[in-house]
Amino acid sequence: MLDQLREITKRLASDPSVVVSAIYRIDGTPIVTFIKDKKYISILEWLESQTKLLLNLMAENSLKSVEFKTRDYVMIIYPLSGSLVLVVISTSEASVYKLRIDVESLKRILNV
Amino acid sequence: MFEVYYTQEMEPRKALEDIKKGMGFEPSLAIFFVAGKMEKPELLRLNCNSISVPVEGIITPNGVWSRGVLALVTDADASVRVFEGNAKDVVGMMERSRIGSFNLLIYPLIYIKSKLTFLRIFLSLSRTKSLDKASEIFGEIIYPMNTLLRPFRDSKKTALALNIFPLEIGIGIPKIFLNGKSIGKSILNVSLEEKLKCEFNDTYPERGKSFEETLEILSQELANAKRVKITKKGLAIKEIDGKPVKDFLRENKIFIREDLENDLIQQRFFGASPYGICFVSKETYGSAPLGVFDYELKFYPSLFDTDMFFDDALFAGEFIRGGVKRVLENVRETDFAIFDHHFMLMFEERVVEIIKEKEISYGVFSSCPSFAGRLKRKLMSEVENSIYINSSLTMAFLNFK
């Protein structure tokens, strides 16, 4: 399973616009993290501090996914199962609909 | 004289009133670009040749809108000719017709008239094993982008084609009207005697001088690029690397849409894909990508004639290195711009930055405009001499002065 999760994060990161792809447990514990440069750690830390709160919000409001957009980044938080959540951070160069299709495809492969 | 008017009124009679208010001359031609759902767009008519075309968005000095009507009107010497038949017949008719200095082609890129047509095409495709036959069958519903531009290139005239392929396609869609009547699967040629300044561009670097060089440029440019071999003929694609398109996508862990019949009938066929095959031209080493979906099809349709492309190609995901900044380098300040609608899907609300940064007065987001004419740059999208096509991320700029 861990290998499969690693494969997912690696595959997402093969898109040149993706700078971080990570999988968290629903309680906010990171399981697999793929990061392209140290400079993205601060964004990841900020996101980690929000993960638990966000996941609660998503569960309470039946949200399919949550997206943040800043001037330079697009962040997608997407539940993979009842206990796992995928976090993708890309630069603003990203084709946003390609990213969504990639995330949905990987969820179907994982089939959890 | 060319003027542009717009309204966000979606009731056709009221929209027409709004548009007429500011009009200071008797037009000889009116083209109404309609964004968003409108009941009876055929009612958008003036006392002249009037065309109504669906688009995904309109650009006005106030911003970009997904609802509203933009009217391009002129009193110039303009004729509108209608051509109907398969691509070969239409090309012949165009060659024999009088071609003006500037030509605007408006036509449905794919048109399935009825559910019956869909079932007939589907059954014919499933019964045949021949790629030639499959290409012939697709020819009943597709006008290949490159083929249609050849008469204009050969007569050394300029042509800009609006290959209408809405994001949401269904049976009998897109609906294009000429003087209140649906043109169905026909081609309109709006031909102007006067020369109109028209520029065309894409978002790729210039093409290479050989097959390998172009492939290398594209590999550096796009996401998840992979060299593949295509089994193809004309408008039909049978296999990618020896596998049906769906199986190839599954192997590459890509899931997009699956139920073709249901999607078409419910008008939920989504006419855009971020993954495609980048073909390389044998004639110019230019390239045109073809978006692919994972529908269960024995043969996959191409929107352009693939015969002048190599069998080896690149499978890749959509990506523009540099994002909006890079697009801005390719956008010209203009009176009227036509952008491919993939820009909206890729960059969403950030497309407004493109319009704000450059002085674009008016325009539309439609599907992959193509072009025939002479350009100085060695554009990637020039796939035949003086013919520029691409199934995504092209743009054209018209100047009226």
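Strands here are DSSP runs of E with at least two residues, and helices are runs of H or I with at least four, numbered from the N terminus; two strands pair if DSSP finds at least two bridges between them.

This is a predicted model, in which local features need pLDDT of at least 70 and side-chain atom pairs count only at pLDDT 80 or more, while totals for chains, interfaces and linings use all residues. Residues are numbered from 1 along each chain as its sequence is written, and chains are lettered from A and ligands numbered from 1 in the order in which they are written.

Select Lys229(B): its bridge partner in strand 21 of chain B is Asp312(B). Arg227(B) has Leu314(B) of strand 21 as its bridge partner.

Is strand 21 of chain B enclosed or open? Of its 6 residues, 5 are buried, so the strand is largely enclosed by the rest of the structure. Buried means that 20 or more other C-beta atoms, placed from the backbone, lie within 10 Å of the residue's own; exposed means 12 or fewer, and partly exposed lies in between.

Now show the open sheet of 6 strands in chain B, with the order 19-18-21-15-16-20 and antiparallel pairing. Its edge strands, each pairing on one side only, are strand 19 (287-291) and strand 20 (300-301). Helix 4 (residues 131-138) of chain B packs on the sheet and touches strands 15, 16 (236-240) and 20.

**Towards chain A**

Display both chains. 17 residues of chain B are in contact with 17 residues of chain A, contact being C-beta atoms, placed from the backbone, within 7 Å.

Move to helix 1 (residues 12-21) of chain B, where Pro12(B), Ala15(B), Leu16(B) and Ile19(B) are buried. The face turned away from the buried side carries the exposed residues Arg13(B), Lys14(B), Glu17(B) and Lys21(B). What covers the buried residues includes strand 1 (2-7) and strand 6 (68-74) of chain B.

**Confidence**

Finally, colour by pLDDT, the predictor's confidence in each residue, from 0 to 100. Chain B averages 93, with 97% of the residues scoring at least 70.

Note on methods
Two residues are in contact if their C-beta atoms, placed from the backbone, lie within 7 Å. Axes are lines fitted to C-alpha atoms, for helices over the stretch in contact, and angles run from 0 to 180 degrees between N-to-C directions.
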